[in-house]
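Hi there,

Here is the structure I promised to pass on. Have a look at it first, and then read on for my notes on the contacts.

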Amino acid sequence: MDAAAPLLSVEDLRTHFFTVDGVTRAVDGVSFTVNAGETLGIVGESGCGKSVTALSILRLLPQRIGRIVGGRVLLEGEDLLGLDIGAMRDIRGNRIAMIFQEPMTSLNPVLTIGEQIAEAVRIHQGASAADALARAEEMLALVRISDARRRLGDYPHQFSGGMRQRVMIAMALSCNPKLLIADEPTTALDVTVQAQILKLMLELKERTGAAVMLITHALPVVAETCQRVIVMYAGRIVEMAEVTELFDRPLHPYTRGLMSSIPRLGAAARQKRLTEIPGLVPDLRKPVIGCAFAPRCPLADDHCRAEAPPLTEHLTAHQAACWKAGEAA
Amino acid sequence: MTAPVLSVEGLTKHFPVERGILRRAVAWVRAVDGVDFDIAPGETLCLVGESGCGKSTVARLVLRLTEPTSGAIRLGGTDITTLSESEMAPYRRKVQMVFQDPYASLNPRLRVGQIVGEPLENFENLGTAERNERVGAILAKVGLRPEAAGRYPFEFSGGQRQRIGIARALALRPELIVADEPVSALDVSVQAQVLNLLMDLQEEFGLAFLFVSHDLAVVEHIGHRIAVMYLGHIVEIGPKDDVLAEPAHPYTKALIAAAPVPDPRARREKLVIEGDVPSPLNPPPGCRFHTRCPFVFGRCREEVPLLKEIAPGRRAACHLLDQPA
């Protein structure tokens, strides 16, 4: 494989939330790497820890409640968890940029679009106000907002949802980040607009050479955009593989369950009922003994309920955390 | 052919945009602008479209949760749009609703038994014991244990809450259930559970559904017929398989093309349509889709295309269909 060191390396990351109801192990020992220029998808359902992983990398966890209790996050060899606030600020929006799910609330309503894009350029690259604004105009044109110069003076409410997400992308890419973390960037958008935004993100990624970490609950979105995929469940990685490999040979019963529960266009004629995953996601405030998926798993036995399976390589570059990886249900 | 459960004709809703102390209407949002459709007993009609197309407003109009500006809504042959609140009562029990948000649509201070029993209390004169028995039976139908009746909504997950909402809608044995995006707030694995439940209940009770959704793959699983809406108009309506396999309207084609496919080998050049849905406050003249349509020509900008029959049971509204191929 690639001899070069990975761009980002997350090692045994553990993030816990300390609340009155107890300690929630939101991320419970997650390790993975992101290589320069690649598109890595992180999929899972609500509460699996995918967003908390992203927030931990950027150290944007809610203060006092959320804490990284173990692990390392290495960006080009440098541990981000050891940096002071100032040094961390130099990284956010500069070497690692993030796009959030809500295009309606992640822009400042009282600043113009131009000011918001220019701000990051001014701060991180020390550009003059005029140069920063010129860069903002260039970025707006790049994300295909017509009449970019005039629209620099507009406020967020004058933009539709799809256009606001374009502005977010423009802002995120304005400082040429090495890594772009996109947390459900298209979930709040209509399907036709979603298709436009995904296409735009991939085109711009090619142009700028940034690596993309795409966090989503939707396997179809991963299938259409990513090179490598991580599947998370209950704060842990359950499967990791290259995208075609994962869809051709899913090893973990949870991944298989997810794949067969997605309604597919064109599949209804063949299969009337959807395959369900019975039961519920476990409560992460309680200690998980054995495999977290065991209570919902058709293959689970006493071994699964007693001992948590480690993430191991079962096929070439294809890892799964399951004692029965690949066994037929 | 059996008489339809629901028949909607020329249904229109214009919301006023009010300004000033006199709350004078300065403009109108044309949310629903002349919509016609029927639903047969035991049938699922899906309303599909993007935000602002008017699909949720249609759902609310059918229940008269919103009063229509004009048009007729016939339940079993009776136009309910002119009925008074008391005259409406017998029709209310025939049509029930399941809402999108399983968190906001259940009263947090009521126990599940009270939530599901409330329709029975309102419409049927039952003793407590009999009512509890009915509630228990309905909860069992939606896959909840009888003990659930004594618990509060916060003790349940999103998928289970949606089951409670479905139980409440079922309590009166309605003929038609209006479901507005009932699975879009749920995780995929749970979404499959709820969709299967809805299909099972339909089979068992012969329920008709008006199912509002933005997700074509979900619609393909649950629907018998599909109506595609765009900016307050139905642009295409017909049997599910025909509409999805051979969409007639360019907007339907674009919706199908835009739906992501869970197969990494199927990445393909898509018909990605440009731009956003225009504001229903000021919809484009002519065909409302002409600003985004890749096949637009002169006539589309001036003349509104009518919904015309293109095959038995199928109608579409597009000028291209008049052109010789």
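E124(B) and R93(B) form a salt bridge, with their closest N and O atoms 2.7 Å apart. Please keep in mind that this is a predicted model.

Domain 1 of chain B brings 18 residues to the contact, and domain 2 of chain B brings 14 residues.

How much area is buried between domain 1 and domain 2 of chain B? The figure is about 1400 Å², with 72% of it from carbon and sulfur atoms. On the domain 1 side, R93(B), P174(B) and L197(B) lose the most area to domain 2 of chain B, together accounting for 38% of what that side buries.

Two salt bridges are found across this interface between the domains of chain B, along with four residue pairs in polar contact (both at pLDDT 80 or more). On the side of domain 1 of chain B that touches domain 2, α2 (85-92) and α6 of chain B each supply at least two residues. The largest share, eight residues, comes from α6(B). By class, that side of domain 1 of chain B has 13 nonpolar, one polar and four charged residues.

Now to the partner chain. In the contact between the chains, 42 residues of chain B meet 44 residues of chain A. Together chain B and chain A bury about 3800 Å², 55% of it on carbon and sulfur atoms. H221(B), P262(B) and R267(B) supply 18% of the area that chain B buries against chain A, more than any other three residues.

Which residues form the one salt bridge found across the interface of chain B and chain A? They are D248(A) and R265(B), whose closest N and O atoms are 2.1 Å apart. The elements giving two or more residues to the side of chain B that touches chain A are α6 (188-205), α7 (216-222), α8 (240-245) and α9 (250-258) of chain B. Here, too, α6(B) provides the largest share, with 10 residues. By class, this side of chain B has 20 nonpolar, nine polar and 13 charged residues.

Best wishes

Note on methods: Residues numbered from 1 in each chain as written. Chains lettered and ligands numbered in written order. Predicted model: local features only at pLDDT ≥ 70, side-chain atom pairs only at ≥ 80, totals over all residues. Heavy atoms only, no water. Contact = heavy atoms within 4.5 Å. Buried area = accessible area lost by both parts, 1.4 Å probe. Salt bridge = Lys/Arg side-chain N within 4 Å of Asp/Glu carboxyl O. Helix = DSSP H or I, 4+ residues; strand = E, 2+ residues; numbered from the N terminus. Nonpolar A, V, L, I, M, F, W, Y, C, P; charged D, E, K, R; others polar. Polar contact = N/O pair within 3.5 Å; in protein donor to acceptor, adjacent residues only side chain to side chain.
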